[in-house]
Amino acid sequence: MDPLSALRDFTIRGELDKIVRVNDEFRFASDYSFPCSVETAYRSKQGNLYTLETLVYYIKNHHVKHTEYLQNARTQGITSVTFPDRKPLLDYLTGKVSSSDAIEFLVPQNPKFPDLPSVDEYRPEDPVIVGAAMDAVDEDDGFKDSTNVDYMTMIRAIERPLKDRESLLECKNRNFYNVLVTSTKREEERQRLESQQRKDGLVAKSRLMGSDDRGLVGYGDDLGYDANPKPKMHLKGGKIGEGVPIILVPSAFQTLITIYNVKEFLEDGVFIPTDVKVKQMKGARPDCVTVQKKFSRDRDRVVTAYEVRDKPSALKSEDWDRVVAVFVLGKEWQFKDWPFKDHVEIFNKIIGFYMRFEDDSLESAKNVKQWNVKIISISKNKRHQDRAAALEVWDRLEEFVRSRSHS
C-alpha cells in the first residue's frame, strides 16, 4: 500500500495514534512502514508532492489555527501544508471525498513489457491501465511479444492493494449495538411467549381439581389425604368430570367479563374494560384462557387451574362434565342448545355469576333475579375494590366445587 492510502486508511479508522515515528521512518502499527521523507501522491497547488512527514504532521494538527500551525511546523523543521490545500486534503484524508485532482498515483513501468504504453498516473476511479493492456494484445497472435509472457507480473505491476483480509474483517468504526438490542428484545419476547404458553397449557394439565392424586388437602382438615385416584365422575351424579374445570363467559361485548379481561380480574383482582383489553392485545383472539387463583385469604390452599372459554357450541359432551361456572349475560339466548332442560337444572349443576356496576339500574338484572345466580357488583371508578369482588367469586366457586365433588 502506498503512503497516502495508508495514511487515509488509518485516519478514517481513527487510528492516528498508531502511526509512530521511529528514527527516520513512520510505522503504521505493525502493518506498514515508510521513510519520513518519502513523497506521497498528493501534489500541492504549488506543484510539489507533499512528503509523508508533512501530511502526518498536518493531519495530527489540522485543528490548530493556520498561523499557529505554520509557526510550529517551522520550529520543528517540517514543510507545512499551504492554506489552499488544507480543506481539500483534510476532506480526502478523513473520507469525506473519495478522490481528488491533486492525487497522482504513479504506476511503475514494467521492463518486461516494453510495448505497453506509458501511463503517467492512475486513479482508483479511473482504471485506464486495463485499456492500455488491451492495446498491447494482437487479435491473431496474442501478445505482441509472446516470448516468456508472465501474466502475474504484468497484473502485479499495475495493481494497488487497498485492504488485507484481516482489516476487512475488523469492521472498525461500525456500531452493532442496535443489532444487539433488537436481537435481545426478540429473544426476551420469545421466552415470554413460551413461558405464557407453559403457564396456560402445561400447568393447567398438571393441576387438576385440587389434584386427583393428592386429594383435596387444604380445603378442610376433615377431608384428609386421599392417595387413591378418583374415577371419572359425570354430571348425571351431580359431580365434576375428570380434567381441568371449565368456566364459561359470554362472547358478547356488552357484558363486563369476557375472555379478554377475565384473566386480569380473576388472577390480579383488577377489572379492565373489554374494549381497552382488545386495543392492547397483540395477535389472534384467544379461544381458551387458563386462570389460577393467585391471591387468597388462606395462603395454604392448593392452587387450582381453570379453563375459561366463550364458545359453548365447541364443547364436546365430555367437556360439559367439566363446566363448573358461568358468567351470565342476563339473556335467555345465552343458554340456547345447552344440554340441560331449563335454568333450574343449569344452576343446580353450574354456579352462575352476574357482573354489574353498582350504580346500574336493577331493571337490567330483572331476568337474573329469577335464576339461582350470584350477583357481583363492582364500581365504575374505584378499582381498588375489584379485589374484594374477585375474592367473592373465588370463594363462591370453591365452595360450590367442594359441595359438588363430595355431594
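Visitor: What should I know before I start?

Guide: Residues are numbered from 1 along each chain as its sequence is written. The model is predicted, so local features need pLDDT of at least 70 and side-chain atom pairs count only at pLDDT 80 or more, while totals for chains, interfaces and linings use all residues; side-chain values use heavy atoms, leaving out hydrogens and water.

Visitor: How many helices and strands are there in the protein?

Guide: Helices (H or I, at least four residues) and strands (E, at least two) are DSSP runs, numbered from the N terminus. Here the protein has 14 helices and 13 strands.

Visitor: In what order do the strands of the open sheet come?

Guide: Strands of a sheet pair through backbone hydrogen bonds, either parallel or antiparallel. Two strands count as paired if DSSP finds at least two bridges between them. In this structure, 6 strands form an open sheet in the order 9-10-8-11-12-13, with mixed pairing. Strand 9 (288-292) and strand 13 (373-378) are the edge strands, each pairing on one side only.

Visitor: Which strands does strand 11 pair with?

Guide: Strand 8 (residues 246-248) pairs with strand 11 in the parallel sense over 3 bridges, and strand 11 pairs with strand 12 in the parallel sense, also over 3 bridges. You can follow Ala325 across: Ala325 is the bridge partner of Ile247, and Ile351 in strand 12 is the bridge partner of Ala325. Strand 8 also runs parallel to strand 10 (residues 305-309), joined by 3 bridges, and Leu248 stands opposite Arg309 there.

Visitor: Is strand 11 buried or exposed?

Guide: Buried means under 20% relative accessible area, exposed over 50%, and partly exposed in between (1.4 Å probe, protein chains only). In strand 11 (residues 323-327), 5 of the 5 residues are buried, so the strand is largely enclosed by the rest of the structure. Across the protein, buried residues make up 39% of the 407 residues.

Visitor: Which side chain of opposite charge is nearest to Arg356?

Guide: Lys and Arg count as positive, Asp and Glu as negative; His and the chain ends are not counted. A salt bridge needs a side-chain nitrogen of Lys or Arg within 4 Å of a carboxyl oxygen of Asp or Glu. Arg356 sits in strand 12 (residues 351-357). Arg356 is buried yet has no salt bridge, and the nearest side chain of opposite charge, Asp360, is 5.6 Å away.

Visitor: How far from the side chain of Arg356 is the backbone oxygen of Asp360?

Guide: A polar atom of the Arg356 side chain lies 2.5 Å from that backbone oxygen.

Note on methods. A polar contact is a pair of N or O atoms within 3.5 Å; within protein, one must be able to donate a hydrogen and the other to accept it, and residues adjacent in sequence count only if both atoms are side-chain atoms.
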